[in-house]
Amino acid sequence: MKTSIVCLDGSQPSFRALDRALDRVGCAPMDILAVCVVEALSFFDCDATDCETAFAAHLREPKAILAEAEEIARLRGVTIRTRWAPGRPAETVARIAREEGADAIYLGSRGKDDVENLLLGSVSMRLVQIAPCTVVVVR
């Protein structure tokens with residue numbers, strides 16, 4: 001069975017990528033892993049006494065995004081796996097794709113933070129360069 005990874009950040013393009021991957025399930029059996037990457041640098045903003053609380057609060061959004069993805073898939077009659085991981089988005093997704101032996105990665109053409117894309121570069125462009133498999137960028 002083929003494995004596809006869907007990168008989710010809560011943006012509309014990322015959920016369109018999920019829709020595209022779910023559409024492919026109708027063509028051939030496929031295991032879908034929805035991944036939400038939590039920027040590791042954001043954990044440096046807390047002091048040592050408050051890090052556990054800050055960490056839990058920081059994970060609320062990724063967990064909510066992944067729960068929404070599971071519900072979307074369930075409504076379409078598909079069961080997906082979910083995973084959040086800390087790190088830089090493109091590099092983390094590429095690593096997970098290698099670990100999973102993924103055949104394809106689906107992601108939106110634009111993420112939630114266009115300002116960050118201007119400063120750091122597009123996650124989709126970077127992932128196309130380093131991914132171990134086909135990358136489908138969805139508009």
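## Packing of helix α1 on helix α2

Phe-15, Leu-18, Asp-19 and Leu-22 of α1 meet Ile-65, Glu-68, Ala-69, Ile-72 and Ala-73 of α2. By residue class, the contact of α1 with α2 comprises seven nonpolar residues, two charged residues and no polar ones. The model discussed here is a predicted one.

Two packed helices are described by the angle between their axes and the distance between the axes. For α1 and α2, the latter spanning residues 51–75, the angle is about 35° and the axes lie 11 Å apart. The crossing of α1 past α2 is right-handed.

## Overall arrangement

The chain contains five helices and five strands. Their order along the sequence is β-α-β-α-β-α-β-α-α-β. The chain has 139 residues, of which 37% count as buried. Among contacts between residues at least 6 apart in sequence, 75% join residues at least 24 apart.

## Strand β1

Lys-2 lies in strand β1 and is exposed, with a relative accessibility of 52%. Thr-3 is also found in strand β1, but Thr-3 counts as buried because its relative accessibility is 9%.

When neighbours within four places in sequence are left aside, Lys-2 is in contact with Pro-29, Met-30, Asp-31 and Asp-103. With the corresponding neighbours of Thr-3 left aside, Thr-3 is in contact with Asp-31, Arg-81, Glu-100, Ala-102, Asp-103 and Ala-104.

## From β1 into α1

Ser-11 is placed in the loop between β1 (2–7) and α1 (12–25). Ser-11 is buried, at 7% relative accessibility. Its side chain makes a polar contact of 2.6 Å with the side chain of Asp-9.

Gln-12 belongs to helix α1. Gln-12 is exposed, with a relative accessible area of 56%. The C-alpha atom of Gln-12 is 9.2 Å from that of Arg-139, a residue 127 places away along the chain.

The accessibility values of the residues discussed in this report are collected below.

| Residue | Relative accessibility | Class |
|---|---|---|
| Lys-2 | 52% | exposed |
| Thr-3 | 9% | buried |
| Cys-7 | 12% | buried |
| Ser-11 | 7% | buried |
| Gln-12 | 56% | exposed |
| Cys-133 | 16% | buried |

## Cysteines

How many disulfides does a search of the whole structure find? The search finds zero. Cys-7 takes part in no disulfide, and the nearest cysteine sulfur, in Cys-133, is 9.4 Å away.

As to accessibility, Cys-7 is buried, with a relative accessible area of 12%, and Cys-133 is buried at 16%.

Note on methods:
Residues are numbered from 1 along each chain as its sequence is written. This is a predicted model: local features need pLDDT of at least 70, side-chain atom pairs count only at pLDDT 80 or more; totals for chains, interfaces and linings use all residues. Side-chain values use heavy atoms; hydrogens and water are left out. A disulfide is a pair of cysteine sulfur atoms within 2.5 Å. Buried means under 20% relative accessible area, exposed over 50%, partly exposed in between (1.4 Å probe, protein chains only). Helices (H or I, at least four residues) and strands (E, at least two) are DSSP runs, numbered from the N terminus. A polar contact is a pair of N or O atoms within 3.5 Å; within protein, one must be able to donate a hydrogen and the other to accept it, and residues adjacent in sequence count only if both atoms are side-chain atoms. Axes are lines fitted to C-alpha atoms, for helices over the stretch in contact, and angles run from 0 to 180 degrees between N-to-C directions. A crossing is left-handed if the near helix is turned anticlockwise from the far one by less than a right angle, and right-handed if clockwise. Contact means heavy atoms within 4.5 Å. Ala, Val, Leu, Ile, Met, Phe, Trp, Tyr, Cys and Pro count as nonpolar, Asp, Glu, Lys and Arg as charged, and the others, Gly among them, as polar.
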